[in-house]
Amino acid sequence: DCQLWSRRIQKIVTNVVSLFTSAYVFNWPRFFPPSPESGTDSLCLKFPPSFDARMVLYPSDENLKDYLAWRQVDCHINNQYNTCFWALVQSGKKQTEAYEILRGSRTSDKNEILFSQFGINYGSIPPIFRKGSVLIRKPPKERVSREEALKRRGEQTGKGEGAAERDRTCGAGDGEEARGGAVGVISSAGQIGEVGEGNGEGVGEK
């Protein structure tokens, strides 16, 4: 029942991916601060990142679970390939040579390359990298009007009704304040299920 931007898919997608990209750049130094030992610029972004986005609408929770499970398998395939590919490149192979080595390879082949040549046990890589991560928007416990939410906010911060009224007239959000609820982070998509754990064989490699 969300009415954000009148449910216009282009508007929602462009704003979500724009906010994500800006937040990614804005928070980069927080998670990757400069290292005095290796130079102040060693962990700075080397180029502007970009992201794509898509919006899908499914009729039931079961359909949504199937979609997320498929995305986990896709993430597993891509991550295993990239882990193996860049390990080969960093060992001295040209990118074209690494591509030829991995072309037509199966999951077991990549696991063998990673373990025998680089001592990497792919199964020990954290699930957040092997399976990706998922953000879940939890349904709100209650729905309140915008005016009621601003009133509560003023009471909690000690602003009073005058400040709450200024927030309202300055456009502090649209629609119902509690609509959509809070966003919770699942650190590992493995919580959805163990789909994609070493079962990439037979699935088209990239």
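A residue counts as buried when its relative accessible area is under 20%, as exposed when that area is over 50%, and as partly exposed in between. These cut-offs are applied below to a predicted model.

**Overall make-up**

The protein has 206 residues, of which 25% are buried. Its secondary structure consists of seven helices and two strands, and along the sequence these follow the pattern α-α-α-α-α-β-α-α-β. Of the contacts between residues at least 6 apart in sequence, 70% join residues at least 24 apart.

**Helix H2 and the loop after it**

Helix H2 covers residues 61-90 and has 30 residues; at 1.5 Å a residue it should span 44 Å, and the 42 Å between its end C-alpha atoms agrees with this. Just after H2, Gly 92 adopts a positive phi of about 120°. Ser 91 sits in the loop between H2 and helix H3 (95-102). Phe 118 is 27 residues from Ser 91 along the chain, yet the C-alpha atoms of the two are separated by 8.9 Å.

| Residue | Relative accessibility | Class |
|---|---|---|
| Phe 85 | 10% | buried |
| Trp 86 | 41% | partly exposed |
| Ser 91 | 45% | partly exposed |

Phe 85 is buried because its 10% falls under the 20% cut-off. Trp 86, at 41%, and Ser 91, at 45%, lie between 20% and 50%, so both count as partly exposed.

**Packing of H2 against H4**

H2 packs with helix H4 (residues 107-118) at an angle of about 35°, and the two axes are 10 Å apart. The crossing of these helices is left-handed. On the H2 side the contact is made by His 76, Gln 80, Tyr 81, Thr 83, Cys 84, Ala 87 and Leu 88, and on the H4 side by Thr 107, Lys 110, Asn 111, Ile 113, Leu 114, Gln 117 and Phe 118. By class, this contact comprises seven nonpolar, six polar and one charged residues.

**Aromatic pairs**

Nine aromatic pairs are present in the structure. In one of them, the ring centres of Phe 85 and Trp 86 are 5.1 Å apart and the planes stand at 85°; an angle over 60 degrees counts as edge-to-face, so this pair is edge-to-face. Elsewhere, ring pairs link Phe 20, Tyr 24, Trp 28, Phe 32 and Phe 51 into a cluster.

Key. Residues are numbered from 1 along each chain as its sequence is written. This is a predicted model: local features need pLDDT of at least 70, side-chain atom pairs count only at pLDDT 80 or more; totals for chains, interfaces and linings use all residues. Side-chain values use heavy atoms; hydrogens and water are left out. Helices (H or I, at least four residues) and strands (E, at least two) are DSSP runs, numbered from the N terminus. The expected span of a helix is 1.5 Å times one less than its number of residues. Axes are lines fitted to C-alpha atoms, for helices over the stretch in contact, and angles run from 0 to 180 degrees between N-to-C directions. A crossing is left-handed if the near helix is turned anticlockwise from the far one by less than a right angle, and right-handed if clockwise. Contact means heavy atoms within 4.5 Å. Ala, Val, Leu, Ile, Met, Phe, Trp, Tyr, Cys and Pro count as nonpolar, Asp, Glu, Lys and Arg as charged, and the others, Gly among them, as polar. Rings of Phe, Tyr and Trp (its six-membered ring) pair if their centres lie within 6.5 Å; planes under 30 degrees apart count as stacked, over 60 as edge-to-face and the rest as tilted. Buried means under 20% relative accessible area, exposed over 50%, partly exposed in between (1.4 Å probe, protein chains only).
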